[in-house]
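Here is a short report on a protein structure.

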Amino acid sequence: MPEIKIVLKNVGVVNPKDINSYIQHDGFKALEKALAMTQAAIIDELKASGLRGRGGAGFPTGMKWEMTMKAPGDVKYLICNADEGEVGAFKDRYLLENDPFTLVEAMAITCHAIGAKKAYLYVREEYHFVLDQLKDAVSQADKKGFLKGINIEVYEGAGAYVCGEESALMDSIEGKRGEVRYKPPFPPVRGLFGKPTVIDNVETLMNVPQIILNGSKWYAGFGTEKSKGTKALSVSGDVKRPGVYEMVLGSTMRELVEGLAGAENVKFIQVGGATGRIVPASSLDTPLTFETLLSAGPITVFNQSRDVIDVVYRTVEFLAEESCGKCTPCRQGTETFVQIMERFDKGQGKESDILDLQSLSTTMILCSLCGLGQAAPNPVVDTLQHFRSAYEERIAKVKVG
Amino acid sequence: MSETNKSAVHEHTHAKDANVLELLKERQNKFGYISEDFIAETAKNFNMPVGEVYGVATFYSFLSTKLKGRNVIRVCRSVPCFLKNSEMIVNALKKQLGTDIDETTADNRFTLELTNCIGECDKSPAIMINHDVYGDLTPEKLTAILAKYE
């Protein structure tokens, strides 16, 4: 089984409440090494490692840091996105609970690389229970002198899935409604409070200390050509062993859900939560990579007893509620999805509904302002492709005669 | 009052360092809700349109413009919890509390709500009561959990 522990290395090994325990396990050695490197050298290592964002978008991390470092101006920001709200996602929660010091060290390294003196660790309010531990980890690191010249603020959200989207997240830190911004400009050019900003996912950052300590060649030795390293995946649903697994990129979905998590009689899996893709059981040998299918990591498994239409209906209900409302394709489109799926759920689908779903999907994919609206059609499009009969069975029979 | 509102509308420059969200969260945590008066007062203090402050107060699911019970129960209704019988938990709570969804018990002790994925899918079905998370639930476990809250 291609399980390797890079981001999970310290789970159950290091005491998440005691920095001394972390220090005994190579803690802050990477920061020490990074402080003796130039900004360009740190960034070159990240680029050479091939690390790509682990929050779902997969943007090359080193490139993001480089753009921000090179942007004009003295004020730069780092934001760690711990607003993990995707349905079925709990891998960041698991990392925050078990290894906060790695994250603190990573944030310090990143700040030095990009030239930021202020960083925010944005945590969703549903993870309030881990807030004190995070603040304490920052405080312990500060007291030991590891955070000289850097201010890390733990900032709590207030309950909004869309604030996991980086521009809505920035608006939220600025104290506003979490609405998505028009892009360009992108955050490395104009981000938080208008300044160049790096926004990285928790798991992305958790890779940084070991990349610095062990070197980019070591990290690039794992995975495929375009997908280096490992991925933390949170598996839930119809499985014997739900939990967080870390797989080398390129491992197959079958190895994960059947081999490790103990799934049986799989009908389909949802990879990437509500905005994720629906993969039928026949495609479980697909490898988990950015070039095939990966997402932020949530994987929910559905066995043969599950109703496809019901799952899609519940998913679009979620998306309609969480839409920020700013752009019409998403705001109106997700509502329309709900109205149509409700009909199918009740066995009252209309013949014209399937065409409407397809045409609406195309519009939303092309025209929505952010990933929520662009990916909202995914469950609809995928189930129409792989489970067409589930829809056709629910079309209301017209009485003849 | 109307004169202040007029000036707030015409020149809504935000006060330096004003973080309306932090202010509203503070108010929510202290009083259990954010009143319209407080929204209007905040708008006046920061020279913002009332609608803009109201827009923040109504955007986030942990902020409320209505007073709820002393303890808010949020049952996750998302798909992974649904697969593990969250509906049984909802029905058991409705029965124990004698309320429907979005209602508060007569003694003001609990408000029952549904919420979206709270990231406890490895311990589903799961709920939050205020900021406390409870997972691996069965209807039988609920009585002891509810008893902890006044």
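How much area do chain A and chain B bury between them? This is a predicted model. In it, the two chains bury about 3100 Å², and 55% of that is on carbon and sulfur atoms. Chain A brings 47 residues into contact with 33 residues of chain B. The rule finds six salt bridges across this interface. A salt bridge also joins the side chains of Arg93(A) and Asp122(B), at 2.9 Å from N to O.

**Cores**

The largest nonpolar core has 133 residues. Helix H6 of chain A, residues 100-114, gives the most to this core.

| Item | Residues | Residues named |
|---|---|---|
| Largest nonpolar core | 133 residues | Trp65(A) and Tyr391(A), with the most contacts inside it |

Trp65(A) has partners well away in sequence. Leaving out residues up to four places away, Trp65(A) touches Ile42(A), Ile43(A), Leu46(A), Thr110(A), Ala113(A), Ile114(A), Val198(A), Asp200(A), Leu205(A) and Val208(A). In soluble globular proteins, nonpolar side chains tend to be buried together.

**Surface**

Met63(A) is in helix H4 of chain A, residues 61-70. Is Met63(A) partly exposed or buried? Met63(A) counts as partly exposed because its relative accessibility is 40%.

Terms used:
Residues are numbered from 1 along each chain as its sequence is written. Chains are lettered from A and ligands numbered from 1 in the order in which they are written. This is a predicted model: local features need pLDDT of at least 70, side-chain atom pairs count only at pLDDT 80 or more; totals for chains, interfaces and linings use all residues. Side-chain values use heavy atoms; hydrogens and water are left out. Helices (H or I, at least four residues) and strands (E, at least two) are DSSP runs, numbered from the N terminus. Buried means under 20% relative accessible area, exposed over 50%, partly exposed in between (1.4 Å probe, protein chains only). A nonpolar core is a set of buried Ala, Val, Leu, Ile, Met, Phe, Trp, Tyr and Cys residues joined through side-chain atoms within 4.5 Å. Contact means heavy atoms within 4.5 Å. Buried area is the accessible area (1.4 Å probe) that two parts lose on being put together, summed over both. A salt bridge is a side-chain nitrogen of Lys or Arg within 4 Å of a carboxyl oxygen of Asp or Glu.
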